[in-house]
Amino acid sequence: MNIFTDHEQVGSVAHCSMLHRSNLLAVVGGGVNPKFSEISVLIWDDAREVRDTKDKLVLEFTFTKPVLAVRMRHDKIIIVLKNRIYVYSFPDNPVKLFEFDTRDNAKGLCDVSPSMEKQLLVFPGHKCGSLQLVDLSNTKPGTSSAPFTINAHQSEIACLALNQPGSVVASASRKGTLIRLFDTTTRDKLVELRRGTDPATLYWYQFFNTALFNSSNEAKKNIKELIFYLSRICTAFLFIINQHQHCLIFIIHYL
């Protein structure tokens, strides 16, 4: 894939998200030399055979305020603004399905599970330190569902992530000393991971199934290489949570 080889055509970008391991990417302009607007999401089809690379841009979503994050699953695209989240059908003939008001969400925090059974969307709730969860498969388009809220922390949410089945959500506050995992059905706290006592900023974390460590040599090699690479460019931690069949890799910066 060579989406960024022609800088004159693409320019610099603020956000880029791939639909699983497919040919579809969502691109938002930004940085020092943007060719695309920060208020638009453009869908790039890298498999499309065209003479002009601009013709690989097959869809565009435009808003009145900057786009802060984009998440995709096989049937939906989620676009995050500072105070609102939009959900569209995707990729054929996109239609707006939902929109959700949020508290100030300058980091564009949001995650969606790729599971076919549970289409769970999570983002910061209206109350400080809370998470709001919406099961998109049980919510009718054009209607608002009752809020499903987890009071996760006392201070603002800094980072959040869902596991692939959508059964567990992990979150951390701006203080960065605790990571908490919750059951998304019962809202019970499953695990509390204490990273340390020094305040730190968590930038990113990701769930992996612990089965990867017992699977093929290639899978184990990829995970080890990821951890090694992260440890060279930043402070990275790995937690193995065996009883829940997950491991959690996260990146921090000490304040």
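This is a predicted model: local features need pLDDT of at least 70, side-chain atom pairs count only at pLDDT 80 or more; totals for chains, interfaces and linings use all residues.
## Aromatic pairs

A search of the whole structure gives five aromatic pairs. One of them joins F63 and Y86. The pair is tilted, with ring centres 5.1 Å apart and 35 degrees between the planes. F63 sits in the loop between strand 4 (57-62) and strand 5 (69-73), while Y86 belongs to strand 7 (residues 84-89), so the contact ties together parts 23 residues apart in sequence.

Both partners fall under the 20% cut-off for burial. F63 is buried at 8% relative accessible area. Y86 is buried at 13%.

## Strands 8 and 10

F100 and F123 also form a tilted aromatic pair. Their centres are 5.7 Å apart, and the planes make an angle of 35 degrees. F100 lies in strand 8 (residues 96-101) and F123 in strand 10 (residues 120-124), so this pair links parts that are 23 residues apart in sequence.

F100 is buried, with a relative accessible area of 10%. F123 is buried too, at 0%.

## Aromatic cluster

Four residues make up one aromatic cluster: F61, F63, Y86 and Y88. F63 and Y86, the tilted pair described above, are among them.

## L190

L190 is located in strand 16 (residues 189-194). Its relative accessibility is 30%, so L190 counts as partly exposed. R180 is 10 residues away from L190 in sequence. In space, the C-alpha to C-alpha distance between L190 and R180 is 7.6 Å.

How values were computed: Residues are numbered from 1 along each chain as its sequence is written. Side-chain values use heavy atoms; hydrogens and water are left out. Helices (H or I, at least four residues) and strands (E, at least two) are DSSP runs, numbered from the N terminus. Buried means under 20% relative accessible area, exposed over 50%, partly exposed in between (1.4 Å probe, protein chains only). Rings of Phe, Tyr and Trp (its six-membered ring) pair if their centres lie within 6.5 Å; planes under 30 degrees apart count as stacked, over 60 as edge-to-face and the rest as tilted.
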